[in-house]
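This report walks through one protein chain, feature by feature. Keep the sequence and the 3D view side by side as you read.

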Amino acid sequence: QELKWNSPWGVGYPGWHIECSCISMKHLGEHLDIHCGGIDNAFPHHTNEIAQSEAFLGHKWCNWWMHVLHLNTNSGKMSKSSGEFLTVSLLESKGYDPLVYRFFCLQSHYRKSLVFSYENLDNAAISYKKLVARIVPLLKDTDKAVDAEALAALKKRFTDALDNDLNTSLAVTALYDVLKAQCNAATKLAAIADFDTVLRLDLIAAAQRVIDEEEKARAEKEAALAADPVARAIEEKIAARAAAKKAKNFAEADAIRNELLERGITLLDTREGTKFSIN
């Protein structure tokens, strides 16, 4: 330790307790609402911060002290000293959206240790994608006005979850409850937008990007069909088959499939729609 000075009590030097008090006061002021830190900061770090800061200020410094449990790996606590240290940049370099990591963290309460693994993060990515996909239809159906009474009830569930010791896990559950609620799309979107001012998951914007990508793909497909009369004719047959199936005219639908098959064209029904291949 090079930064040493003599004092009436002996040689001394600044430590992390005084550094944190000084930095916090300089940038955040003499009154803080919430001061956060890991559970291992509770003693002695935060107790020393309180003692020295309030002795200096002469009044209460922070209203709330919140201690978060550790982010662990399967092998134990994640830390620089152990060589297990996660950064958002590292996740981005591996192709993960930082919002997926946020979603992963929000599904656990801050007083519980969270175990990180790429498998768990992959599961969160799948869940986030499915959540956004469920919002997409809402953006396509916003004719009705917002139901103020229904919206207030949905918002109360969310705020109740947060008032329960900042239970983000319950708050995410309240978000899913919106999607299942018996109210119109406009009301659901208003609730999701309100919740996302806290969750910051960019949900509506992400759903809009999905719609934009679908529109772009549709436009590209239409342009390709316009330049290819054969493909356009096949797509018309596929549309006629879909209409027959919707009308429960399965004989007609089968006849169209068989007609195309005789011409060497095979249809394949997928989640993304019916595709064809020419043999």
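## Ground rules

A residue is called buried when its relative accessible area is under 20%, exposed when over 50%, and partly exposed in between. Asp-202 has a relative accessible area of 32%, so it is partly exposed. The model is a predicted one.

## Salt bridges

How many salt bridges does a search of the whole structure find? The search finds 13. One of them joins the side chains of Lys-140 and Glu-214, with an N to O distance of 3.2 Å. This pair links distant parts of the chain, 74 residues apart. Lys-140 sits in the loop between helix H5 (118-139) and helix H6 (148-163). Glu-214 belongs to helix H9. Lys-140 counts as exposed, at 53% relative accessibility. Glu-214 counts as partly exposed, at 31%.

Asp-160 and Lys-156 both lie in helix H6. They are four residues apart, about one turn of the helix. Their side chains meet at 2.8 Å, N to O. Asp-160 is partly exposed, with a relative accessible area of 38%.

Asp-202 is bridged to Arg-209, and their closest N and O atoms are 3.4 Å apart. Arg-209 counts as partly exposed, at 39% relative accessibility. Salt bridges with shared partners also join Arg-241, Lys-245, Arg-257 and Asp-269 into one network.

## Helix H10

Helix H10 covers residues 229-246, which makes 18 residues. From its first C-alpha to its last, H10 reaches 26 Å. That is close to the 26 Å expected at 1.5 Å a residue. Which residues of H10 are buried? They are Ala-231, Ile-234, Glu-235, Ile-238, Arg-241 and Ala-244.

Just after H10, Lys-248 takes a positive phi of about 65 degrees.

Glu-236 also lies in helix H10. Is Glu-236 buried or exposed? Glu-236 counts as exposed, because its relative accessibility is 52% and the cut-off for exposed is over 50%. The C-alpha atoms of Glu-236 and His-109 are separated by 52 Å. Along the chain, these two residues are 127 residues apart.

## Aromatic pairs

A pair of aromatic rings is described by the distance of the centres and the angle of the planes. The structure holds seven aromatic pairs. One of them is Phe-116 with Tyr-118, and it is edge-to-face. Its ring centres lie 5.2 Å apart, with 80 degrees between the planes. Phe-116 counts as buried, at 5% relative accessibility. Tyr-118 is partly exposed, with a relative accessible area of 30%.

Phe-158 and Phe-195 are arranged in another way. Their ring centres are 4.1 Å apart and their planes stand at 10 degrees, so this pair is stacked. The pair links distant parts of the chain, 37 residues apart. Phe-158 is in helix H6. Phe-195 is in helix H8 (residues 185-199). Both Phe-158 and Phe-195 are buried.

Phe-116 and Tyr-118 are also members of one aromatic cluster, together with Tyr-96, Tyr-101 and Phe-104.

## A buried loop residue

Ala-181 lies in the loop between helix H7 (168-180) and H8. Ala-181 is buried, because its relative accessible area is 17% and the limit for buried is under 20%. Which residues does Ala-181 contact, leaving aside its neighbours within four places in sequence? The contacts are Leu-154 and Lys-188. The C-alpha atoms of Ala-181 and Ala-150 are separated by 8.9 Å. The two alanines are 31 residues apart along the chain.

## A nonpolar surface patch

Leu-3, Trp-5 and Tyr-13 form a nonpolar patch on the surface. Together they have about 380 Å² of accessible area. Leu-3 lies in the segment before strand S1 (5-7). Leu-3 is partly exposed, with a relative accessible area of 48%.

Notes
Residues numbered from 1 in each chain as written. Predicted model: local features only at pLDDT ≥ 70, side-chain atom pairs only at ≥ 80, totals over all residues. Heavy atoms only, no water. Patch = residues over 30% accessible without salt bridge, like charges linked within 9 Å, V, L, I, M, F, W, Y side chains within 5 Å. Areas by Shrake-Rupley, 256 points an atom, 1.4 Å probe, with all protein chains shown as cover. Salt bridge = Lys/Arg side-chain N within 4 Å of Asp/Glu carboxyl O. Helix = DSSP H or I, 4+ residues; strand = E, 2+ residues; numbered from the N terminus. Buried < 20%, exposed > 50% of the residue type's maximum accessible area, 1.4 Å probe, protein only. Expected span 1.5 Å × (residues − 1). Phe/Tyr/Trp six-rings, centres within 6.5 Å; stacked < 30°, edge-to-face > 60°. Contact = heavy atoms within 4.5 Å.
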